[in-house]
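Please take a moment with the sequence and the model below before reading on.

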Amino acid sequence: MRFPIDTSQLAFTVTSPPMAAKDFATKKVKVTEDGQPVMVVKLLAMDGTDSTTIKFNMPGEQHHLTPGMPVRVEGLAYGMAKDGDVRWWTAAAVVPMHAAGAAAGAPGGRNPHGAAGSGAAGAGSARHSTARPGEGEG
């Protein structure tokens with residue numbers, strides 16, 4: 001069973017450099033059918049009040065992802081086997097926010113999560129907000 005996740009109100013940060021995924025049984029590096037390496041990507045997911053670390057495998061080199069980098073996650077889903085004992089995360093793409101922020105003209109590269117059209121608009125300000133629901137910040 002696969003559950004798609006709405007990431008529009010979430011902010012993501014890379015927690016560690018992507019590493020090669022290894023086969024559980026053979027301990028050899030995993031590759032796709034066309035020979036690309038499979039990389040383990042670890043992210044911190046935040047909603048403004050709580051956070052959790054997620055990890056998943058992605059095909060191809062992911063050297064563009066560096067620790068501390070804010071990113072946008074496309075096609076995030078949570079998978080679960082029928083009995084519920086086996087669970088996993090998947091994503092179609094992990095895109096650095098600085099590229100979206102620069103393209104949208106974010107002033108001085110500040111607050112990359114608030115870049116227009118980033119898919120995480122508002123998530124950056126909610127992440128830093130100390131206001132409680134119903135209270136204004138201004």
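Is L65 buried or exposed? This is a predicted model, in which local features need pLDDT of at least 70 and side-chain atom pairs count only at pLDDT 80 or more, while totals for chains, interfaces and linings use all residues. Residues are numbered from 1 along each chain as its sequence is written, and side-chain values use heavy atoms, with hydrogens and water left out.

L65 is buried, because its relative accessible area is 3%; here buried means under 20% relative accessible area, exposed means over 50%, and partly exposed lies in between, with a 1.4 Å probe and protein chains only. The residue sits in the loop between β5 and β6 (70–74), where strands (E, at least two residues) are DSSP runs numbered from the N terminus. Leaving aside neighbours within four places in sequence, L65 is in contact with V14, P18, V41, V71, V94 and P96, contact being heavy atoms within 4.5 Å.

Another of the partners, V41, is in contact with L65 and stands opposite F56 in β5. Strand β4 (residues 38–46) pairs with strand β5 (residues 51–59) in the antiparallel sense over 9 bridges, and two strands count as paired if DSSP finds at least two bridges between them. β4 and β5 form a hairpin with 4 residues between them, and in the turn G48 has a positive phi of about 105 degrees.

T13, in strand β2 (residues 11–14), is buried because its relative accessible area is 15%. Its contacts, leaving aside neighbours within four places in sequence, are K42, L43, L44, M46, G68, M69 and P70.

Elsewhere, an open sheet of 3 strands has the order β1-β7-β8, with antiparallel pairing. Its edge strands are β1 and β8 (87–90), each of which pairs on one side only. Strand β7 (residues 77–80) is joined to β8 by 4 bridges, and M80 has R87 in β8 as its bridge partner.

What, finally, makes the nonpolar surface patch of about 290 Å²? The patch is made by M1, F3 and I5; such patches consist of residues with over 30% relative accessible area and no salt bridge, nonpolar side chains (Val, Leu, Ile, Met, Phe, Trp, Tyr) being joined within 5 Å and like charges within 9 Å. A salt bridge is a side-chain nitrogen of Lys or Arg within 4 Å of a carboxyl oxygen of Asp or Glu. M1 lies in the segment before β1 (2–4) and counts as exposed because its relative accessibility is 65%.

Methods. Accessible areas come from the Shrake-Rupley method with a 1.4 Å probe; for residues, only the protein chains shown count as cover.
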